[in-house]
Amino acid sequence: MAVENLAPVEKKEQIEESFVYLDDEIEKSHSKLVVKDVNGWFGSKQALKSININIKPNSVTAFIGPSGCGKTTLLRCLNRMHEMTTGAKITGEVLLDGLNIYDKAINPVIIKRRIGMVFQKPNPFPTMSIQDNVAAGLKLNGVRDRNLIQDIVEDSLKGAALWNEVKDELDKPGVSLSGGQQQRLCIARALAMQPEVLLMDEPTSALDPLASSKIEELISNLRERVTIIIVTHNMQQAARVSDFTAFMYLGELIEYGATNQIFKNPKKDLTERYISGKFG
Amino acid sequence: MTRLLDIGLDKIKNLLVDMSILSETTVNMAIESYEKGIAIRSKIFDHSEKLRLLQLEIADFAIELIARYQPVATDLRFLQSCLDISYGFMRFGRYAYDISEVLETIGPSHKCDTSIVSTMALIVKDMIKLSLDSLRDLDKDISPKLYVMDDSVDSIYRNFLRKTFKLDSEGLSTTITINDMKCYMSTLLILRYLERISDHACYIGDCVHYIVTGDPTPRK
Amino acid sequence: MIVMNSEKNNPKNNENKQYTDKINNYIKKKYKRRIITNKLVTILTIISVVVAVIPLGSILIEVIKNGSEAISIEFLTQKPGALGSGKGGIGPAIQGTLIIIGLSSALSVPVGMLTGIYLSEYSKNNRFSTVVRFVNDVLTGLPSIVIGIVGYVTLVLTLGSYSVLAGAFSLSIIMIPIIVRVTEETLKLVPNSLREAGYSLGLSKTKITLNIVLSTAKSGVLTGIVLAISRIAGETAPLIMTILGTSLFFSSFTGPVDALPLRIWRLASQPYESAHSFGWGAALILIVIVLFLGVGLRVLIRKNLAKVEM
């Protein structure tokens, strides 16, 4: 497929890897993203305190925690989006396949191409059609080949489970779609850049339950294609869609492990109290 | 902070306490009826039926709580264990009824040697008590004690089984009365039921251990 | 089902009933007065609307009534005839007005928009941008005669003659602050999430600003330009100081031209009946030009918007 000229596709064997949910397994096996001693600030307020976390390839990892615990900040540190905010600062390393994305020699634009992002509220470009929305990243980055763009648009919309709903009206404006469709359009837009990692910042918090469940289904299907990290307020959602869960509190990573273990048998009392709704 | 789930959990705890008390009395009644040779089968039957209904109620209720409140962590483990524990109590009642039925069918035991059953009954009563204690206090350390006691119950039962077997093969030479036969039969069956009860007491200890630690200990 | 039934027959329910009765009593008491107040306010607003519309409508009607008699092909295309002859037309004035609007837009739109983009997208609320914003606000409030004098001193005196350039320069000084302000405000209204979406696709800041932010805000920016053009189309004072006015058609960028507001003012100050009639006609044409530009650009915007809203 045409897509392959753009990005080295992740090794397929990793998909076959069985889902072994042991802590050691997280440590030992190859990690897609390694977060090493990351500290983040907003002005003088420290939002992240020495975070260390390893993300497995082709898995879904959920960040949970009460509001203001730093989970969104951590997510935004993973594709260098955090530093775009005024007054924001970050120290530490984030390794993408062993490559430090904060290295001085690295172009942040390339990083954002390899690590896509989906936001809390669906944000399709309002003046663009569905087709142009998906193609925007390619076109504005200088891809000229029309056939290639057409192929990628179709592939991305299929990947976002939106193709069947919009294939006859690709020229309609993106904002004419329903909220859930818009969010899937945004996922397609991110997929079009052939990212290896997809960051999702509370992607269903602005959607109704039905649209949310479609997104959740999509997330679990996308796992074969990209590594997904999702920030969510909805504990049941984290339990449903993720393979691994990280619980954060006051800027610290309290507990990280297989979702099954976190929800059935959390090791830390704080985690237990949070997930069972005794605070937060 | 009180959660809606807590109201349900409290209620299910109360039901479990009711069950535990009822099952303990039922087993005690059955043992007493054996030792004193009185037949109270119908009363024990009523109790065991009541235990069965309580178990159904707890199961229904636990499923409802899971469906409505999506409990996690300790709450989830507690509800999961509730299903097992209430089944255990129901079995207590069932075996008590089985004991009383043996007495009813084979006849009262006052001409038999009740010492073996009494020894074992003493241990089993203790085990029930201990398992109830561990549930009440959520004490995970009682489980190993229960296993030690279970071992001695098992060995009593096995010894008696062997003895009966020997008796059987040599029995033709010695004179053995019908009464002796009856005694052996009833003692063997009752020991068997008591042994089952002690197993279930161990399982309850396991469940408590699981609620507290989240570690499912492999059952022996 | 089983869990939640415990709290029926709550004594609080009765208390609540008492409260409802009390509240209802108060509402009943106030109800009549409310209806009356409501009617009074409605009538008052209608009267205000009428008061505001009457002068506006009467001006329009007066201009159309008096001006339409003067309109003819000759009137629109010819130079003014001899003084008081009632011959000729206002051709140079129409031409001059269009040239000046075009020139001053060409000067002010790029400068204004780029400044607006800088203020909204690039300056991070530093001291420089605060100063720029302040100066811009002062400029907006500057009397147009003062701007005329500035044009006179800087261009007319240095170039040695009244000229279109000086006029366009002065008018663009009036336009720039309006365009800057509107551009900045509209760009700020573009949700930040769209910029972030752009960043997350690995786009450069320039691409995001031009292709995403500006294209989202273009209807607002166009409105700002229309507003600025309508503002300068009727300006007279700066033109007196810069283009002077003439009876001839446009000859060179360094020479004087005519403009509608100037011509109207000249005609109105002449003592002849025919000149007054021409003045009304010129006024009508000016209104039509402003209206046409406004409506034209608005239709253009509507087209773009329709694409989005469909």
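This is a predicted model: local features need pLDDT of at least 70, side-chain atom pairs count only at pLDDT 80 or more; totals for chains, interfaces and linings use all residues.
**Exercise 1. Describe the secondary structure and overall dimensions of chain C.**

Step 1. Count the elements: chain C has eleven helices and zero strands. Written in sequence order, the pattern is α-α-α-α-α-α-α-α-α-α-α.

Step 2. Take the dimensions along the principal axes. The C-alpha atoms of chain C fill a box of roughly 100 × 60 × 40 Å.

Step 3. Chain C has 29 Å, whereas a compact globule of 310 residues would have a value near 19 Å.

Step 4. Look at burial and contacts. Of the 310 residues of chain C, 36% count as buried. Among contacts in chain C with a separation of 6 or more, 74% are between residues 24 or more positions apart.

**Exercise 2. State how chain C is divided into domains, and describe how these touch.**

Step 1. The C-alpha centres of domain 1 and domain 2 of chain C are 33 Å apart.

Step 2. Count the contact residues: domain 1 of chain C contributes four and domain 2 of chain C contributes six. On the domain 1 side, two are nonpolar, two are polar and none is charged.

**Exercise 3. Compare the crossing of H3(C) and H6(C) with that of H5(A) and H8(A).**

Step 1. Start in chain C. Helix H3 (residues 91-122) and helix H6 (residues 164-189) of chain C have axes that come within 6 Å and cross at roughly 35 degrees. The crossing of H3(C) and H6(C) is right-handed. The residues in this contact are 18 nonpolar, nine polar and three charged.

Step 2. Move to chain A. The axes of H5(A) and H8(A) come within 7 Å, crossing at roughly 35 degrees. H5(A) and H8(A) also cross in a right-handed sense.

Step 3. Name the residues of the chain A pair. H5(A) provides Ile130(A), Asn133(A), Val134(A), Ala136(A) and Gly137(A), while H8(A) provides Leu185(A), Ala188(A) and Arg189(A). By class, this contact has five nonpolar, two polar and one charged residues.

**Exercise 4. Describe the sides of chain A that touch chain B and chain C.**

Step 1. Take chain B. The contact uses eleven residues from chain A and eleven residues from chain B. Helix H11 (259-264) and helix H12 (269-275) of chain A each give at least two residues to the chain A side. That side has four nonpolar, four polar and three charged residues.

Step 2. Take chain C. Here 25 residues of chain A touch 20 residues of chain C. Elements that each supply at least two residues on the chain A side are helix H4 (108-114), strand S6 (115-118), helix H5 (130-140) and helix H8 (179-191). The chain A side divides into 13 nonpolar, eight polar and four charged residues.

**Exercise 5. Which residues of helix H7 of chain C are buried, and what covers them?**

Step 1. List the buried residues. In helix H7 (residues 192-200) of chain C they are Leu194(C), Arg195(C), Ala197(C), Gly198(C), Tyr199(C) and Ser200(C).

Step 2. Find the cover. The elements over the buried residues of H7(C) include H4, S6 and H8 of chain A, together with helix H8 (205-233) of chain C.

Step 3. Check what follows the helix. After H7(C) comes Gly202(C), with a positive phi near 80 degrees.

Conventions:
Residues are numbered from 1 along each chain as its sequence is written. Chains are lettered from A and ligands numbered from 1 in the order in which they are written. Two residues are in contact if their C-beta atoms, placed from the backbone, lie within 7 Å. Helices (H or I, at least four residues) and strands (E, at least two) are DSSP runs, numbered from the N terminus. Ala, Val, Leu, Ile, Met, Phe, Trp, Tyr, Cys and Pro count as nonpolar, Asp, Glu, Lys and Arg as charged, and the others, Gly among them, as polar. The radius of gyration is taken over C-alpha atoms; the globule rule is 2.2 Å times the number of residues to the power 0.38. A residue is buried if 20 or more other C-beta atoms lie within 10 Å of its own, exposed if 12 or fewer, and partly exposed in between; C-beta atoms are placed from the backbone. Axes are lines fitted to C-alpha atoms, for helices over the stretch in contact, and angles run from 0 to 180 degrees between N-to-C directions. A crossing is left-handed if the near helix is turned anticlockwise from the far one by less than a right angle, and right-handed if clockwise. Domain bounds come from an automatic or database domain assignment.
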